[in-house]
Amino acid sequence: HMMVDLETMGTHVGAPIMSIGAVMFDPNSDWIGESFHVGVELESNIEYGRHPDPGTIMWWLGQSEDARKALLAMERVDLYSALDEFAKWAPPSETWVWGNGAAFDNVILASAYKSTRISPFWSYKHDRCFRTITNLAPDVEWVTDGVAHDALDDAIMQARHMQKVVKHLGIVV
């Protein structure tokens, strides 16, 4: 299982991706494995036809100083290189890829792969929604550990929260 989090400059399918964070994890235990984190150039997103949303830019301006610093301080690579690096880091396509929202992280990421003409490393059959499963257990406490809206910190927090939800529900994922 892989938990993915994106920081973007929009909420639509063609939103520019500013950073990608991911972590391997086992939802049925406390294991958190290898992680991936890369910053992406805004300009290269635009070159691939991905355009920012003014509302999201304003939203970013209202976020914590730590969140803005985490986003702006990253070294960045072009979109193609970021997606290529991510695909090379990712395990085989049998991996379930979890994103926060049925129409957000995984959809935007798949769209970015399409924009750059790189094949996504996972099958659409392995898309999973973190938000849906966590809504089954709203009473499980969310623990903030790290910088909110830092893609890697968010991916790790989401993976840990999912582990707690799975344990609380008594299910095997």
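## Asn-45 and its surroundings

A polar atom on the side chain of Asn-45 sits 2.9 Å from the backbone oxygen of Glu-41. That side chain also reaches another piece of backbone, the nitrogen of Ile-17, at 2.9 Å. Keep in mind that this is a predicted model.

Asn-45 belongs to helix H1, which spans residues 42-47. Its relative accessibility is 0%, so Asn-45 counts as buried, the cut-off being under 20%. Beyond the neighbours within four places in sequence, Asn-45 touches Ala-15, Pro-16, Ile-17, Val-40, Arg-50 and Leu-79.

## Asp-145 in its loop

Now over to Asp-145, which is in the loop linking helix H6 (130-134) to helix H7 (151-169). Setting aside neighbours within four places in sequence, Asp-145 has Met-157 and Arg-160 as contacts. With Arg-160 there's a side-chain to side-chain polar contact at 3.5 Å.

## The whole chain

Zooming out, the protein chain has seven helices and six strands, running in the order β-β-β-α-α-α-β-α-β-α-β-α-α. A compact globule of 173 residues would have a radius of gyration near 16 Å, and the chain's 15 Å agrees with that. Along the principal axes, the C-alpha atoms fill a box of roughly 45 × 35 × 25 Å.

Of the contacts between residues at least 6 apart in sequence, 72% join residues at least 24 apart. Buried residues account for 45% of the 173.

## Surface and charge

The accessible surface is about 8,700 Å², with 54% of it belonging to carbon and sulfur atoms. On the charge side, there are 13 positive and 24 negative side chains, and the centres of the two sets lie 5 Å apart.

Notes:
Residues are numbered from 1 along each chain as its sequence is written. This is a predicted model: local features need pLDDT of at least 70, side-chain atom pairs count only at pLDDT 80 or more; totals for chains, interfaces and linings use all residues. Side-chain values use heavy atoms; hydrogens and water are left out. Helices (H or I, at least four residues) and strands (E, at least two) are DSSP runs, numbered from the N terminus. Contact means heavy atoms within 4.5 Å. A polar contact is a pair of N or O atoms within 3.5 Å; within protein, one must be able to donate a hydrogen and the other to accept it, and residues adjacent in sequence count only if both atoms are side-chain atoms. Buried means under 20% relative accessible area, exposed over 50%, partly exposed in between (1.4 Å probe, protein chains only). The radius of gyration is taken over C-alpha atoms; the globule rule is 2.2 Å times the number of residues to the power 0.38. Accessible areas come from the Shrake-Rupley method with a 1.4 Å probe; for residues, only the protein chains shown count as cover. Lys and Arg count as positive and Asp and Glu as negative; His and the chain ends are not counted. The place of a charge is taken as NZ of Lys, CZ of Arg, CG of Asp or CD of Glu.
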